[in-house]
Amino acid sequence: MLLPDFHRQIRALSWLVMGMLAGQISAQAQTATGTPLVLRPSSLLQEGISSETRKQLPTYVQSDTLNERTNQQTVLEGQVVLRRGELLLKADKIDYDQVNDLAQARGHVYINQSGNVYQGPALDLHIDAFEGFFTQPNYRLLKNNAYGNADRIDFVDPAHTVMHNASFTTCQRKPGPDWMPDWFFKGDKISIDSDRNIGLVEGASVRFKGVPILPVPEVEFPLNDERKSGLLPPNIGVDNIGGLEYTQPYYWNLAPNRDMTFYPTYWSKRGLNLGTEFRYLESAAPQPPFQGVMRFDYMEKDQLRNDARRWGMNYTHNGLINPYLAGGGLGLTLNVNRVSDDDYWKDFSMSSSSGIQRLLSSDAGLSWTDGFITTGMRAQKWQTLQDLANVNNRITPPFDRLPQLTARLQRFNVGGFDFSVDGDFTRFSSVRTEDCANVYTSGLTTYNNCAPNADRAVSVAQFSRPFISSYGYITPKMQLHGRSYQFEGGLPNTLFYNGHQGQTSASVTVPTFSVDAGMAFERSHRLFSRDWVQTLEPRVFYVHTPYRNQNYLPNYDSGGNAFNFASIFTENAFGGHDRISDSKLLTLGATSRFIDPETGAEGARFGIAQRVRMQEQQITLPDDPTAKAGISDVLAGASLNLSRAWAVDSTVQYNPKTNNFMRRVVGGRYNPGPYRVINAAWRTENDESAAPVSQQLDVGWQWPLHDLWGGADGSDGQGRGLGEGRWYSVARVNYDMLNKKAVESVIGFEYDAGCWLSRTVIERLQITDGLARQRIFFQLEFVGLSRVGTNALGSLRNNVPRYQPLRQPTMNPSRFGNYD
């Protein structure tokens, strides 16, 4: 339908007024009758329009002149505009064949189809099917903001486009007739699939700064951040142990919830390593939710280890088998870790983000819970990687649990009381049983090596009555901890089991009484020109556990708790079940917080705590001294978050008897804005004589270097860096101040050119004395296409706290974001 501009505007205005009046009358009528207004979904703003709906849509046209021939051929000339659904077509002239639905547009042809824009001299297009061809067009794609030109573009349908002899780049054009994009490729054919959000390039090469750097005989690339099957960019690096490193990954998108990556790696000094990673995730009904990751590496011949066969495996699984079994949920967890040999931790320490691992646990567990009752069955086996070249660097293997059965009943607020009952049966086994036939005289290694295989049954009952009010609380609690052992072959004839040699069983029951009480006081306070609510929260904790002889019992899973704010208010000085400390002590502490009254955010926290031991603690771990009666070290801490930019967190352990700081941890963060962060932590530890045991300084940062010369930030939007032409320094260094050497360091630089990024990173890891591993990363990222080089981005993400990538994943742009 053709209308002059004036009449068209009047008609549109009249329809708008009538619609507003009708809506107002309808709303008033519904309100008067009490009927609520209900919003109904509309298809007017659908991102995608189906072919059936598209055929029913009206066509709007306007032009300076119109000639129609027997309702079959329509000729429009002069500023022609044709619109149907998500398609906008402009041209100097359009010949429209109504029978074949064919529009032939000539002269300054412009198409906006769902946000993708094409311009050129001539177009033949079947409107409904969006099928036709464009000659000598320029184009711009919505999803990745890429553009280029082609000799011809064929529109197969609304979702599929084929470009012939086409160029492609994401570098935005700058003024000047001699401007050329920093990178682009020109392919024989580029196929665009909007349904799958991928592009396929055939017969092309990527040119960077005018130099061809990457041949592209045939490769797919994503139009957005969705996962796509295909070859991933190769990783190339240099390793001081393995030599030149080349990895060619292939990604296989098996399903929306499953994928697999193959990553064969060739080292010039070592040989070929074949790696595979498989991931799965199930969260949709009716299947119970579960997820898992399996990784396997295999090297047939490692030239650095006399052509030995090397392999490593890691498999984790977590999920429900049946969420409704007997009124509860049945779950399964798996964690399998195995490697081929003892030297694996040295040679492959940088193969994963988990760092150096010398104790590898493999365990499988079943659990069931209905919210009140929880049961579980577990089997755990350890692989201990020893340092064969250094006897002093050996570690004692832990015991396997084959099996471990657990059960727990827990209820809260039953007549005001809380209670729980726990049961645990574990079979501890080790390959070191034969060593216990020898007699040793002293040493922790002797004790651990001579602990026999055993069955241990544990029962723990707890009963408490919290009294809580608006100003404080008090919670008395009773606990009864019982356990019994059956030793395989009896206790060995060693110093630690003196008087109990040959004993095949043992049992002990330990009661514990404790009271935990605290109060909270508040006041309004003004500090640093801000209003705060300041609190004072004193806390008192008393525990009494009588002495029961346990020092002769083997230690299978107990260890001393670290001295911190979490453990100082607990009944037992040990973790695990083999040691229950005899205690008669009082812990006093206080916390003060500054809280923003408007937001509830905590601006500062100060805390202090100290124990008063009323009698000597006689239960100890092997080779540990008894804890004498008297006052303990003072534990103090402070946390400051008075502004969004600054944060400080510190903990100090102070011995008032020797005037010695046993342990100090001071950390801080300065984060004034995006891509600007400095993290620092200083950790020291001294022995009783004030001699330093450890002193480490950990510093990390990400900072734009243009701040040094007063450059201003750009405004490319969130997750898009700070503008083109910016350099960034990124690093983390962990420095051993006693030995005056870096334990771990990652130092790198990033450059953001807008449409491409470069990263250079040097990574060093101290594996053991006299052995350090170093690697050099270099990576080029062509924005909207791919990355080439080593995985420098992964190194920065894993090592630098609060690191922000210069390009963050974004949501798919809407076609209405580029709507004409």
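This is a predicted model: local features need pLDDT of at least 70, side-chain atom pairs count only at pLDDT 80 or more; totals for chains, interfaces and linings use all residues.

Visitor: Which strands do the buried residues of α5 pack against?

Guide: The buried residues of α5 are A792, L793, G794, S795, L796 and N799. They pack against β45 (726–736), β46 (741–752), β47 (756–768), β48 (771–782) and β49 (786–789).

Visitor: Is D154, the salt-bridge partner of R152, buried or exposed?

Guide: The side chains of R152 and D154 meet with N to O at 2.6 Å. R152 counts as partly exposed at 34% relative accessibility. Buried means under 20%, and D154 has a relative accessible area of 18%, so D154 is buried.

Visitor: How many residues apart in sequence are the parts tied together by D516 and R539?

Guide: D516 and R539 form a salt bridge, their closest N and O atoms being 2.7 Å apart. D516 lies in strand β32 (residues 505–519) and R539 in strand β34 (residues 530–545), so the parts tied together are 23 residues apart in sequence.

Visitor: Which strand holds R593, the partner of E537?

Guide: E537 and R593 form a salt bridge with the closest N and O atoms 2.8 Å apart. The pair links distant parts of the chain, 56 residues apart: E537 is in strand β34, and R593 is in strand β37.

Visitor: How many salt bridges does a search of the whole structure find?

Guide: Some residues are linked in a network of salt bridges, namely R270, D302, R305, R310, D341, D343 and D347. For the whole structure, the number of salt bridges found is 42.

Key
Residues are numbered from 1 along each chain as its sequence is written. Side-chain values use heavy atoms; hydrogens and water are left out. Buried means under 20% relative accessible area, exposed over 50%, partly exposed in between (1.4 Å probe, protein chains only). Helices (H or I, at least four residues) and strands (E, at least two) are DSSP runs, numbered from the N terminus. Contact means heavy atoms within 4.5 Å. A salt bridge is a side-chain nitrogen of Lys or Arg within 4 Å of a carboxyl oxygen of Asp or Glu.
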